[in-house]
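Thanks for coming. Please have a look at it first.

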Amino acid sequence: MTDASRPTIEITLLGRPYVIACPPDQEDDLKRAARYLDRAMNGIHAQGKVQGAERIAIMAALNITHELLEALDNQREGEASLSRVNERLENALANVPSNANDATT
């Protein structure tokens with residue numbers, strides 16, 4: 001596939017259009033990501049402390065990366081908690097006398 005025949009999509013960040021190569025089945029995901037990034041960049045721009053699109057993009061990337069890492073940490077903590085609960089449940093079930101099951105039938 002030549003570069004000219006690659007499917008593209010136009011996104012807007014800080015009011016500037018960008019044409020990005022994107023497979024058709026990923027357009028919705030790219031548009032969603034672009035909206036998220038645009039909101040993050042506009043938020044930084046509105047604060048007025050950071051000037052220049054490149055610096056704003058870097059700050060937005062750092063903020064989004066921080067959010068992602070926090071979410072991953074929370075997911076890992078949740079998975080570890082579920083593993084501990086599952087282990088306790090398995091231990092409790094393993095310690096149930098076998099005749100207890102006979103009483104219910």
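Let me start with a question: is Tyr 36 buried, partly exposed or exposed? This is a predicted model, so what follows is computed from that prediction. Tyr 36 has a relative accessible area of 38%. Buried would need a value under 20% and exposed a value over 50%, so Tyr 36 counts as partly exposed.

Where is this residue? Tyr 36 is part of helix H1. Leaving out residues up to four places away in sequence, Tyr 36 touches Ile 64 and Glu 67. Pro 7 is 29 residues from Tyr 36 along the chain, and their C-alpha atoms are 22 Å apart.

Now the helix pair. Two packed helices are described by the angle between their axes and the distance between the axes. Here, H1 covers residues 27-47 and H2 covers residues 53-94. Their axes are 9 Å apart, at an angle of about 115 degrees, and the crossing is right-handed. On the H1 side, the contact includes Leu 37, Ala 40 and Met 41; on the H2 side, it includes Ile 56, Ala 60 and Asn 63. By type, the residues of this contact are 11 nonpolar, 2 polar and 1 charged.

Last, Asp 38, which is also in H1. Asp 38 is buried and has no salt bridge. The nearest side chain of opposite charge belongs to Arg 39, 7.5 Å away. Setting aside neighbours within four places in sequence, Asp 38 is in contact with Thr 12, Leu 13, Leu 14 and Gly 15.

Note on methods: Residues are numbered from 1 along each chain as its sequence is written. This is a predicted model: local features need pLDDT of at least 70, side-chain atom pairs count only at pLDDT 80 or more; totals for chains, interfaces and linings use all residues. Side-chain values use heavy atoms; hydrogens and water are left out. Axes are lines fitted to C-alpha atoms, for helices over the stretch in contact, and angles run from 0 to 180 degrees between N-to-C directions. Helices (H or I, at least four residues) and strands (E, at least two) are DSSP runs, numbered from the N terminus. A crossing is left-handed if the near helix is turned anticlockwise from the far one by less than a right angle, and right-handed if clockwise. Contact means heavy atoms within 4.5 Å. Ala, Val, Leu, Ile, Met, Phe, Trp, Tyr, Cys and Pro count as nonpolar, Asp, Glu, Lys and Arg as charged, and the others, Gly among them, as polar. Buried means under 20% relative accessible area, exposed over 50%, partly exposed in between (1.4 Å probe, protein chains only). Lys and Arg count as positive and Asp and Glu as negative; His and the chain ends are not counted. A salt bridge is a side-chain nitrogen of Lys or Arg within 4 Å of a carboxyl oxygen of Asp or Glu.
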